Amino acid sequence: MEDNAYLKDKLFTEDQVKLIFAKELAKAKIYDPSGTAQRTSRTFTGQYSQEQLYNFLKSPTANEKNLRDASVYMYHVNTRYHRLLHYYAGIPTYSYVATPLMFDSSKVKKESFRKQYIKVMSKLELMNIKEETRNQILVALREGVFYGVRWSDSSSAFIQKLNPDICQITSISDGVFLFSVDMSNIDEERLPCYPPQFEEMFREYQKTGVKWQPVDPDISVCIKADRSVVEYSIPPFAGTLPELYVINDAQALQEAATELDNYKLLVGEMDVDDEGIPKMTFDQMLEYYEQIAGNIGDRVGLAISPFKLSAIDFSKSAAADAIDATARAVNNFWSACGTSAVLHGAENKTAGGLKLAIKQDETLVFGLIDQCERQLNRWLKTSMGGSIKFKVTFLKTTVFNLEDMISKYKESLNYGIGKLYYMAALNIPQYDIEGLTFIENDVLQIDELLKPLKTSSTQSADDNKSGRPPEDETDLDESGESTRDNDTNANR
């Protein structure tokens, strides 16, 4: 291509190179409905049996792809597994703060620092970090590892997910996983669907015959669910997949038991003489049988017997046992996942116990957040020019602890620290702070239009609540929670 030739010869200016890069980015197609191109997203095998899954788990390292495919399959077809993975990926708020790295104020000029700060924050804003990070963690939980490559220019940026079947972790640099791609599994016609560096990797593969080509560290992104093992990548919840079949089997038994419980059998008495010979002919008996059969429902059976007419009810214990089996199977699944069943519709126990269970779930996700943070900071350190470097810090805020964390950040403001952390916890992007305050104070002059908020200095004594502060839910026993729920102490 002519543009690529110019690019290789470096005849264009920096702005023109960016323009070409943007054009290549725009041409990257995921699917062409005209049929001239094939889908490049990975496919996975159909349903696995429970026995197959148990066999995979007996030798997980030899069945890495099978376990990954089974996890992807269950993610798409099983609502419980889908909900489990989205629960963990949705725990963090993904709020972050950018600060200078190894900052020395005596060596920095304010104006140059401001220019570099705006440059870095503009790039971070384009990267849509919250959405991209959440997606990386979701994929890592579903497939065991996330392999991706960065696309970016002066006006856009995103991370493209790669097929894990053609990727392999090959090294660690600066605490970050680097990987290689099997170029023999990439069609040359599909190279425009990948960053420009892949064309060079493909040429190197054709030249040397070495199919595993390392991805440029400046564009590679690799997040692993289990960082302690490098040689292979297995979905962290793969061990729970057979439990989903147990639930399905229990539900099938429950439905069968319920169906059986609603079924009745009517047995008609057929008169016989002392020698056991029927007192009516077969045609007469058939006529009466057809009359009765025409007036009963679908769930009622009819039989003719030389015994007394009676209605037989099947025992309801089978249905009750089946319901208990389903409940046990569901609870066993959530127990195997290591997350509280209360969070997914099970019977509630105590709020204190639930809070402690959530804290365990948060620690699992924070480990993945730390990996994403390290990946991002390595990219900022190596890819952003200038002598002043910045780093990103993800707040340890979640959808569960957000209220408490906001209170802590607000309290720290009394000591004159943490303003950026407080605003980030309030979901105010750092990049927007300067523009937001300019609009509020200089353009709209909100301070002059609105009355001040009520605070302890503007409230009267009657407005203030008195009495002992309520106990935290984690410190209450069951009777204490019952008292709070029923408001028993309201008039004391």
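The exercises below concern salt bridges and helix packing in a predicted model.

**Exercise 1.** Determine which parts of the chain are tied together by the salt bridge between Arg 114 and Glu 434.

*Solution.* 
Step 1. The side chains of Arg 114 and Glu 434 form a salt bridge with an N to O distance of 2.8 Å.
Step 2. Arg 114 belongs to helix α6 (residues 110-126), while Glu 434 belongs to helix α15 (residues 433-443), so the pair ties together parts that are 320 residues apart in sequence.

**Exercise 2.** Locate the two residues of the salt bridge between Lys 381 and Asp 174, and state whether each is buried, partly exposed or exposed.

*Solution.* 
Step 1. In the salt bridge of Lys 381 with Asp 174, the closest N and O atoms are 2.8 Å apart.
Step 2. Lys 381 is in helix α12 (residues 351-383), and Asp 174 is in the loop between β4 (167-173) and β5 (176-182); the pair links distant parts of the chain, 207 residues apart.
Step 3. Lys 381 has a relative accessibility of 38% and counts as partly exposed. Asp 174 has a relative accessible area of 39% and is likewise partly exposed.

**Exercise 3.** Find how many salt bridges the whole structure holds, and name the residues linked in a network.

*Solution.* 
Step 1. A search of the whole structure gives 12 salt bridges.
Step 2. A network of salt bridges links Glu 64, Lys 65, Arg 68, Asp 69 and Asp 165.

**Exercise 4.** Describe how helix α4 and helix α5 pack, and classify the residues in their contact.

*Solution.* 
Step 1. Two packed helices are described by the angle between their axes and the distance between the axes.
Step 2. For helix α4 (residues 64-77) and helix α5 (residues 79-89), the angle is about 100° and the axes are 6 Å apart.
Step 3. Angles of 65 to 115 degrees count as roughly perpendicular. Helices α4 and α5 are therefore roughly perpendicular to each other.
Step 4. On the α4 side, the contact involves Ser 71, Met 74, Tyr 75 and Val 77; on the α5 side, it involves Thr 79, Tyr 81, His 82, Leu 85 and His 86.
Step 5. Sorted by class, the contact of α4 with α5 comprises five nonpolar residues, four polar residues and no charged residues.

Notes:
Residues numbered from 1 in each chain as written. Predicted model: local features only at pLDDT ≥ 70, side-chain atom pairs only at ≥ 80, totals over all residues. Heavy atoms only, no water. Salt bridge = Lys/Arg side-chain N within 4 Å of Asp/Glu carboxyl O. Helix = DSSP H or I, 4+ residues; strand = E, 2+ residues; numbered from the N terminus. Buried < 20%, exposed > 50% of the residue type's maximum accessible area, 1.4 Å probe, protein only. Axes fitted to C-alpha atoms, helices over the stretch in contact; angles between N-to-C directions. Parallel < 35°, antiparallel > 145°, perpendicular 65-115°, else oblique. Contact = heavy atoms within 4.5 Å. Nonpolar A, V, L, I, M, F, W, Y, C, P; charged D, E, K, R; others polar.
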